[in-house]
Amino acid sequence: MKKSQGRRKGPRLPGTLLKELGSSSGGGKGPGHRQTWKRTNEVKRRREDVDKPKKKRQSGRGSKFDELVPQSATAMGPGQEKKKIKASVDTLLKDPEEILQRKLAKKLGLKSTRLNDGQDGLDDLLQEFDDVMAGEYSDASDSFGSQPSVSESDLSVSLEEESSDDIEGGHESVDVSTKYVPPALRKRTGEDENILNTTNEQEMAVRKRVRGLINRVAEANLEGIVSELSDMYKNEGRTYVSQSLSHELITAATDGPRASERFAIVAATCVASVAASTESSEVIATFLSHVGMALEKSLSSQDSLSCSNLVRLLGCVFLAKAIKPDIMFDVLDSWGEAFSDEHVVSIAGLLTVAGLALRKADPSQMKNFVVNIHEKASNRGTITTRARVMLDLVVDVKNNRMKARKGALSISTNGSATIANALPPNVSHWFKSQNVDAVAVGGISWNKIIDPNSKKGFWWIPTLQDTIGKHQETRDAEVTQGNDARDDLASSNDGDASLLALASKLRMSTDTRKSIFLAVMGGEDAIDAAEKLLRLNLKGQQEREIVRVTVECSLHENAWNPYYGLLLSRLCQLAKGHRVTLQYCIWDHVKDCDRMNARKIAIFSKLAAFVVTSKTLPLASIVKVSSLSSSEMDAKELLLWRLFFKSTLEGFTSDDEMRAVFIKLVEQKEQASVKRQVRNFLRTRIGPWLAAKNNVSLAITRCNKAERYLTK
């Protein structure tokens with residue numbers, strides 16, 4: 001094998017490319033001639049690129065070293081070049097202007113000390129200083145004679161050093177022509193701004209934490225949320241916590257998906273509990289102020305949805321006993337004075353939520369409000385449909401005839417109920433243990449609550465001016481009420497005289513019995529009579545006279561009047577003591593039935609039957625007074641029990657009600673003997689007696705069913 005003559009110049013071509021060149025090296029011009037020509041040109045270009053010598057990198061912009069080293073240094077020898085460079089660097093380091101430029105460039109973050117070809121504005125600034133200092137120096141030299149001469153170069157160097165020291169120390173140049181400004185009027189310094197930012201950050205942190213707690217609040221975790229809020233109120237700023245709590249609760253209860261009846265109850269309970277646990281009325285006062293201002297804003301903007309939600313929230317706070325009744329009546333009076341459509345709807349909403357509770361809390365103020373609102377409506381002449389609905393609601397509240405209405409709370413139809421009745425049992429028990437009454441807000445006017453300029457100091461505590469205003473209003477109301485009472489007494493003088501004469505005839509000897517008699521006989525209906533009897537405020541033995549006088553009045557009627565049965569049932573619902581008194585009163589009349597005539601026996605038997613059918617008293621509590629299985633029962637007592645059972649069987653509205661009464665007697669194991677006596681009496685004394693009468697098919701059928709119920 002022959003050795004190669006020499007290395008081939010140029011790069012070695014890839015094997016695949018060489019094969020393609022070899023296969024296409026034919027002389028003819030076939031179909032692949034054009035492709036072969038292209039590949040050949042590509043190979044030539046690659047060879048030319050490889051054979052070209054690499055050019056040195058030339059930058060259009062010189063480096064820092066080129067800027068510092070003069071161009072002539074490149075043409076010098078090695079020794080001379082080193083000496084020249086060293087001399088240039090030494091000169092550069094000794095130049096104070098260059099040092100200042102380097103410091104400024106470093107602070108500004110520039111890579112080069114040259115800024116826009118030297119037009120950085122520093123020369124103009126120094127020139128102004130030169131002019132000012134030169135003028136001052138010339139004035140001083142003229143005033144005080146000859147002074148030591150200072151060269152211009154020394155002055156510029158000293159000024160440059162002073163300016164460099166000022167810049168390094170972080171001080172700004174002071175304008176000598178500026179007028180002196182006191183510290184109180186100066187702009188806040190960096191330290192003051194840091195304090196302000198810290199305060200804002202603290203407030204934002206408190207608001208963010210309160211917002212997180214309010215977003216998670218519910219009936220299940222209410223106790224834990226209240227505990228955390230109370231700790232924040234004690235440890236953090238009280239103003240921040242109370243304002244943040246009020247803002248977040250009102251926002252959630254007014255707008256958004258959580259604006260509902262249940263959340264209004266939870267929000268009112270939360271505010272009242274936080275105030276009670278921290279023993280601070282400020283929480284309730286701040287919340288009430290925010291609600292009042294938001295409510296007035298909604299009324300002015302005619303935002304009906306927001307207004308109804310805020311009114312419901314205000315009523316719930318009152319039901320939580322966090323607000324006293326005088327504030328609520330002041331709200332109603334102020335809205336009644338305006339009497340616009342928005343205010344009329346708000347009055348109706350507030351009465352729907354807390355009307356009966358307000359009526360029970362202060363009946364006299366409720367009466368004054370009813371009178372004033374009707375006078376306002378009559379003075380306006382024509383009233384709208386909304387006003388008519390509101391007036392109907394006012395009448396229902398006055399007469400204690402509240403029914404389930406749209407938008408009313410589940411506890412609104414009961415005047416004795418509080419917001420605790422709407423909570424779960426465990427939460428209700430915990431809330432009742434909180435002493436909310438001790439921190440309740442009251443004694444101030446609604447105008448003071450909604451006035452933002454009156455929030456100074458402990459503004460929620462009643463002042464002497466507030467007390468005087470309240471007393472004056474109360475005095476005027478008492479005078480008006482006294483005049484009305486005198487007019488009513490003069491108009492009803494004849495009626496009261498006849499009732500007093502009738503009371504003396506019925507041997508109502510004491511003043512207590514006479515007053516009870518007048519209340520019972522002078523009532524428009526059973527509910528009105530019951531309210532009049534409760535207003536007598538009788539206690540002990542005098543209170544027990546209410547039931548006895550009512551029973552006596554019923555027995556002196558010519559026939560049975562259901563009014564007395566309804567009145568006794570209402571009294572037993574209001575107080576448990578009346579049930580015990582009624583039971584003993586019935587027993588006494590059963591034992592003394594031999595002294596009654598047939599008319600009184602018939603009336604009394606229907607009265608006792610009404611008590612059983614209305615479920616005021618159980619059947620066993622009436623029957624066990626007498627031995628029904630006794631064969632020595634006299635005629636009057638037998639007549640009494642026969643009429644009693646006949647009226648009882650016919651008095652049930654359905655067979656299911658009758659079955660419930662007799663099944664209850666069967667389930668009472670301690671009343672087994674009473675059950676046997678009633679069953680035997682129905683079988684031997686009632687059934688045959690009813691079969692001998694006409695038009696008593698219903699009583700006979702139910703008598704047979706009762707026997708079967710008692711046999712089980």
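Reader: How close do the axes of helix α30 and helix α32 come, and at what angle do they cross?

Author: The axes of α30 (residues 655–667) and α32 (residues 697–711) come within 9 Å and cross at roughly 35°. Axes are lines fitted to C-alpha atoms, for helices over the stretch in contact, with angles from 0 to 180 degrees between N-to-C directions. Helices are DSSP runs (H or I, at least four residues), numbered from the N terminus. This is a predicted model, where local features need pLDDT of at least 70, side-chain atom pairs count only at pLDDT 80 or more, and totals for chains, interfaces and linings use all residues. Residues are numbered from 1 along each chain as its sequence is written, and side-chain values use heavy atoms, leaving out hydrogens and water.

Reader: Which residues of α30 and α32 meet?

Author: Contact means heavy atoms within 4.5 Å. Among them, Phe 662 and Ile 663 are in α30, and Tyr 709 and Leu 710 are in α32.

Reader: Why are α11 and α12 called roughly antiparallel?

Author: Their axes cross at roughly 150°. Angles under 35 degrees count as roughly parallel, over 145 as roughly antiparallel, 65 to 115 as roughly perpendicular and the rest as oblique. So α11 and α12 are roughly antiparallel. Val 271, Val 274, Ala 275 and Thr 278 in α11 meet Val 283, Ile 284 and Phe 287 in α12.

Reader: What makes α25 and α26 oblique to each other?

Author: Their axes lie 5 Å apart, at an angle of about 130°. α25 and α26 are therefore oblique. Leu 568 of α25 and Leu 582 of α26 are among the residues making the contact.

Note on methods. Helix = DSSP H or I, 4+ residues; strand = E, 2+ residues; numbered from the N terminus.
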